[in-house]
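Please look through the structure below before reading the notes. They go from the chain as a whole to its parts and its partner.

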Protein chains: 4
Amino acid sequence: MIKVAVVGGTGYTGVELLRLLALHPQVELQAVTSRAEAGTAVCDLFPSLRGYLDLAFSEPDPERLGACDLVFFATPNGVAMTLAPELLRRGARLIDLAADFRLRDASVWEQWYGMPHACPELLAEAVYGLPEVNRASIAQARLVANPGCYPTAVQLGLLPLVESGRVDVDTLIADCKSGVSGAGRGASVATLLAEAGENFKAYAVAGHRHLPEIRQGLSLAAGKAVGLTFVPHLTPMIRGIHATLYARSASGVGDVQALFAERYADEPFVDVLPPGSHPETRSVKGANACRIALHPLDDGHTLVVLSVIDNLVKGAAGQAVQNMNIMFGCDERSGLRLPGLIP
Amino acid sequence: MIKVAVVGGTGYTGVELLRLLALHPQVELQAVTSRAEAGTAVCDLFPSLRGYLDLAFSEPDPERLGACDLVFFATPNGVAMTLAPELLRRGARLIDLAADFRLRDASVWEQWYGMPHACPELLAEAVYGLPEVNRASIAQARLVANPGCYPTAVQLGLLPLVESGRVDVDTLIADCKSGVSGAGRGASVATLLAEAGENFKAYAVAGHRHLPEIRQGLSLAAGKAVGLTFVPHLTPMIRGIHATLYARSASGVGDVQALFAERYADEPFVDVLPPGSHPETRSVKGANACRIALHPLDDGHTLVVLSVIDNLVKGAAGQAVQNMNIMFGCDERSGLRLPGLIP
Amino acid sequence: MIKVAVVGGTGYTGVELLRLLALHPQVELQAVTSRAEAGTAVCDLFPSLRGYLDLAFSEPDPERLGACDLVFFATPNGVAMTLAPELLRRGARLIDLAADFRLRDASVWEQWYGMPHACPELLAEAVYGLPEVNRASIAQARLVANPGCYPTAVQLGLLPLVESGRVDVDTLIADCKSGVSGAGRGASVATLLAEAGENFKAYAVAGHRHLPEIRQGLSLAAGKAVGLTFVPHLTPMIRGIHATLYARSASGVGDVQALFAERYADEPFVDVLPPGSHPETRSVKGANACRIALHPLDDGHTLVVLSVIDNLVKGAAGQAVQNMNIMFGCDERSGLRLPGLIP
Amino acid sequence: MIKVAVVGGTGYTGVELLRLLALHPQVELQAVTSRAEAGTAVCDLFPSLRGYLDLAFSEPDPERLGACDLVFFATPNGVAMTLAPELLRRGARLIDLAADFRLRDASVWEQWYGMPHACPELLAEAVYGLPEVNRASIAQARLVANPGCYPTAVQLGLLPLVESGRVDVDTLIADCKSGVSGAGRGASVATLLAEAGENFKAYAVAGHRHLPEIRQGLSLAAGKAVGLTFVPHLTPMIRGIHATLYARSASGVGDVQALFAERYADEPFVDVLPPGSHPETRSVKGANACRIALHPLDDGHTLVVLSVIDNLVKGAAGQAVQNMNIMFGCDERSGLRLPGLIP
């Protein structure tokens with residue numbers, strides 16, 4: 001059994017992680033921390049877990065956390081980096097679901113996240129936890145940076161293209177739509193039902209924190225800097241990301257269906273749909289899956305890729321459990337055999 | 001032209017009031033106040049009003065407000081009462097859309113609202129602004145207490161019954177469902193789309209502030225204290241209240257269709273539907289209307305009344321404008337000829 | 001392994017049943033039938049099941065179905081009764097998720113469902129599949145009538161009261177709110193998002209088909225005919241039923257918290273919440289659970305019971321799997337250890 | 001007064017048109033036709049109009065329709081063209097809210113709409129009713145083809161760019177998101193709340209009927225054929241279209257804010273927002289407005305344009321009324337002074 005703790009269990013990625021861990025046959029949950037809710041039973045905050053989880057939130061205690069095999073951070077940006085060095089020293093392995101270890105360049109990180117990085121020396125060691133790219137490194141990693149939700153949907157939709165040099169990488173476009181759970185469980189006016197319901201809008205067109213993360217991943221895959229326009233939108237639903245990706249190729253995009261099928265043939269959680277499909281976000285609601293469809297247009301030069309995930313699962317907690325499975329030698333599907341909830 | 005000011009224009013009742021006032025042919029809007037947003041153009045906060053309103057939020061200035069013919073308070077509970085005495089002294093008339101002047105008994109008010117009342121001496125003068133009950137008094141009033149949203153839907157659905165003694169008033173039940181805009185525009189976790197969407201729940205079963213207000217109104221109409229069970233629920237939509245009302249009569253409920261038709265025959269904003277109807281909240285979305293349907297059951301003793309309003313219109317801003325029309329001798333429909341928005 | 005077939009797998013109870021059966025460790029799914037979709041891969045209609053189910057819809061073949069251990073009918077009302085006699089004769093056991101075998105009295109059934117009953121002789125044998133009432137009979141049954149969604153929520157919320165004689169059974173009220181999936185997957189104007197979204201309404205106040213079913217169950221429990229007013233409402237969400245139940249007791253309701261706690265102490269899927277709770281439908285989204293909270297009012301004579309289920313799980317497919325577990329001697333929780341999906 | 005008839009008043013564009021016409025001070029509504037609902041009071045189908053409209057649906061009678069000054073067709077595609085020649089002959093002017101007269105080339109029309117055109121000889125005369133382009137022609141027109149919803153949002157967002165030659169017109173991209181009312185009021189599975197709610201998907205990526213319409217309009221404006229990729233998406237809300245438009249310029253996009261401000265300076269219903277804005281669809285809910293924001297990116301070569309409308313108003317019924325105002329010499333704003341409904 002893997003001894004596991006969750007730091008910061010009161011947000012949406014936290015409760016989703018608890019749902020998945022509660023069902024995982026190889027996991028023994030030791031602690032769920034929250035400074036604000038310390039002492040409260042987890043199930044009082046999340047009655048959906050009644051009967052599945054019998055723990056109270058506790059203060060984060062480095063000694064107790066450090067004694068675990070694995071500590072998940074489902075905290076706001078900037079928290080994991082303050083505890084990571086000590087916990088690693090004590091022998092725990094870490095998966096950070098926030099952004100602290102996603103960018104390799106500390107100065108870029110500091111520019112986008114607006115604070116000094118507390119342990120830049122760990123950035124080189126941290127493994128970017130996208131199993132479809134870094135499976136072998138994840139298996140060995142002490143510290144895994146779980147990818148962001150948009151970056152997961154966009155990278156999985158573009159990787160086969162940029163890895164193979166099949167498209168021009170200077171003019172990629174990612175038009176992304178997210179449900180509001182991506183904004184977190186904090187009190188805020190903008191994501192009230194009365195504000196975000198029956199409404200659709202773009203936001204952060206001038207620059208979103210996930211842009212450097214996506215660019216970093218795609219540039220590594222392309223072997224050179226990519227040019228990407230990224231426009232996120234808020235859509236009036238709770239879960240789900242839909243990435244509509246546009247790529248062009250002066251020489252023609254070729255048989256992209258075969259390209260994707262081959263690239264993801266052995267991936268348990270990437271599902272390339274038949275030609276002509278339109279994946280729905282609800283097909284992955286609650287599921288650790290990315291569904292992708294390819295639409296090469298009649299002009300022969302333009303490709304539209306549709307990529308959907310549940311932002312809280314393959315875009316956060318599910319991917320974290322998938323990383324844990326890889327790190328600890330479990331079947332990668334363990335605890336993640338959950339079809340999407342339709343309707 | 002009526003010179004009008006709105007104190008507290010940043011909430012949902014505020015912006016709805018501004019929408020209605022911007023179209024009102026007899027109104028000249030002088031000021032919209034907000035301490036927090038002073039200096040901001042109203043349209044920067046509410047772009048829907050671009051082209052209709054060219055004012056900036058200002059600090060509430062008693063002198064300027066007092067020079068108006070009418071001041072609306074679309075503020076949180078407890079604000080209007082601090083300014084009311086001075087503004088009345090300066091000659092302005094007031095309509096409070098909050099609860100400060102709704103209850104006649106200051107001690108009951110203080111118990112439910114958890115603060116001392118700043119001007120209990122005005123409670124006797126304040127007129128409860130339900131035009132279907134108090135039209136004549138409203139016309140003369142200096143100070144109108146605009147009813148709450150639940151109290152409007154419930155009272156309009158029960159008044160003909162309790163006024164006529166047609167039902168037993170000891171066991172009335174009001175099972176009410178509200179859209180989330182009733183909770184206001186403040187940042188809060190409970191009304192996030194990701195919390196209140198795809199979810200239904202009751203709240204405050206042990207006691208809601210609108211309970212004493214409804215009881216007061218119905219007891220006045222009945223000529224004796226009524227017994228009412230009131231259970232409010234939150235439903236995953238933005239606007240609308242649906243009150244499902246249960247009443248019993250040991251002697252039989254009689255021809256309630258005729259009773260209601262007669263009671264509301266001259267009411268411009270109460271619409272008694274044909275027998276067998278099921279009013280939809282969307283039929284009054286954006287409209288100053290209450291639609292009512294009557295379902296006497298086969299047992300002859302039980303009556304189900306269905307009553308719907310838009311909580312922000314007939315349940316707040318629209319009713320306030322209706323009161324203004326009455327107070328200033330305008331056609332009661334002026335500025336309120338707006339059908340519901342379907343779909 | 002239990003050899004199982006699903007007749008009528010294209011509706012919402014069908015796809016939910018497939019989701020649950022695909023994960024069930026003791027089930028071997030033999031066939032999923034649909035006349036309209038025969039030949040289509042199940043996953044083409046429901047991509048959420050890709051990777052979990054590798055069957056195509058087939059024509060219903062009595063021989064093949066009769067060779068199964070268990071046949072679920074997730075068909076419209078009136079279908080199961082036409083096939084039941086033959087399948088029983090061939091040795092299969094049946095669970096009908098529709099209404100064909102729910103009412104004991106064929107003439108009452110025919111009145112409410114508007115067609116002659118094809119096999120009234122089976123009504124006496126059929127067991128009403130509410131495990132909390134009929135567990136022992138279900139274990140032995142050849143033919144189980146899976147309860148309706150409203151009847152499950154209402155009966156579980158009232159049973160301890162009527163069984164114990166704690167309340168007056170002549171004036172029970174069930175004010176129920178359902179998500180739109182309860183209306184099924186058929187094309188219809190009334191449940192379009194543009195009709196049912198941002199809208200709330202009551203329907204069928206004059207009489208709903210679940211009324212005789214609830215009355216039958218409660219009358220059996222009370223030992224006499226009960227008087228129940230039942231008003232269903234449509235709420236703008238997909239899954240979930242919230243029943244708000246009103247009961248009165250001339251002699252006082254007593255300690256209902258203890259009554260319910262004791263009544264459901266050994267029930268794996270009924271969760272009595274602490275006093276003062278307000279259960280949310282989302283706490284059971286996708287989960288086979290009924291959560292109940294009790295609110296005795298200050299007058300000492302009125303009790304409000306709040307009861308929530310997922311209409312497609314404890315109100316349909318989950319309860320059917322629970323019944324299967326009981327019928328075949330599996331752990332009653334088998335395949336049903338799934339917490340609600342929050343958010 | 002303009003004598004007006006509406007053919008096909010039972011759909012969403014129909015009821016929205018009736019809402020607007022009911023309030024229009026220069027309109028006298030003579031007839032609302034529907035073969036299916038002939039004899040039914042309009043308000044029985046749409047209770048929101050109770051008190052505003054006292055007509056019953058009637059059979060379409062060419063004589064009666066032909067005697068009107070103006071006939072609106074809010075019918076499915078292919079209906080207006082069967083009646084247009086006769087009604088024009090009788091002296092009525094026509095506005096078709098469907099697609100029958102939008103494309104100049106009958107063979108292209110027939111290819112996309114899958115039926116022979118009944119009166120191709122009228123295509124040359126028909127005026128494409130986008131006032132921002134064809135105001136003068138509309139004023140004189142006998143027959144106006146009201147633009148589609150997507151084409152309105154996309155063209156208004158791109159016209160200043162292609163008219164001025166400011167961007168490369170070979171690689172334009174329109175990523176569009178629509179509320180479900182765009183799919184109409186017909187019974188259908190795909191737009192049930194239980195299907196389209198909590199879900200996001202692209203559709204018709206291979207080719208949507210609005211593509212040739214947009215291409216035609218932009219090509220006329222550019223003076224040459226444009227290359228446009230158009231991907232429509234369905235978003236879980238009722239009203240609203242959000243077009244996210246991507247354009248590139250090898251030579252730099254220049255001061256597009258000034259370009260748009262000048263182009264639309266005199267347009268009553270196009271609102272160019274300040275730099276950095278993110279228009280919300282709800283800001284135009286129920287309003288005849290198009291709000292546009294411009295985001296030139298840091299690379300100097302890429303421009304993102306955000307354009308929002310209410311698909312039923314500026315994208316259909318409101319634009320039709322605007323066209324009527326132009327055709328009959330009314331103030332263009334007449335009957336259209338309605339701010340968006342927030343929240």
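The model is predicted. Chain A contains eleven helices and 14 strands. Its radius of gyration is 19 Å, close to the 20 Å that the globule rule gives for 343 residues, so chain A is as compact as a globular protein of that length.

**Overall build of chain A**

- Taken along the principal axes, the box filled by the C-alpha atoms of chain A is roughly 60 × 45 × 40 Å.
- Buried residues make up 60% of the 343 residues of chain A.

**Two domains in chain A**

- The domain assignment divides chain A into domain 1, which covers 2–146 + 316–327, and domain 2, which covers 150–309.
- The centres of domain 1 and domain 2 of chain A, taken over C-alpha atoms, are 25 Å apart.
- Where the two domains of chain A meet, 17 residues of domain 1 are in contact with 16 residues of domain 2.
- On the domain 1 side, the elements of chain A that give two or more residues are α5 (106–113), α6 (131–140) and α11 (317–327).
- That side of domain 1 of chain A consists of nine nonpolar, five polar and three charged residues.

**Chain A and chain D**

- Chain A is superposed on chain D by a rotation of 180° with 0.0 Å of shift along the axis, and the RMSD is 0.0 Å.
- This is the relation of a two-fold axis.
- The C-alpha of A:P236 is the one in chain A nearest the axis, at 3.1 Å from it.
- Both copies use the same surface, as 100% of the contact residues of chain A recur in chain D.
- The contact involves 35 residues of chain A and 35 residues of chain D.
- On the chain A side, two or more residues each come from the strands β8 (172–178), β9 (201–202), β10 (228–234), β11 (241–248) and β14 (302–309), and from the helix α8 (193–196).
- By class, the side of chain A that touches chain D has 17 nonpolar, eleven polar and seven charged residues.

Note on methods. Residues numbered from 1 in each chain as written. Chains lettered and ligands numbered in written order. Predicted model: local features only at pLDDT ≥ 70, side-chain atom pairs only at ≥ 80, totals over all residues. Helix = DSSP H or I, 4+ residues; strand = E, 2+ residues; numbered from the N terminus. Rg over C-alpha atoms; globule rule 2.2 N^0.38 Å. Buried ≥ 20, exposed ≤ 12 C-beta atoms within 10 Å, placed from the backbone. Least-squares fit on C-alpha atoms with pLDDT ≥ 70 in both. Contact = placed C-beta atoms within 7 Å. Nonpolar A, V, L, I, M, F, W, Y, C, P; charged D, E, K, R; others polar. Domains from an automatic or database assignment.
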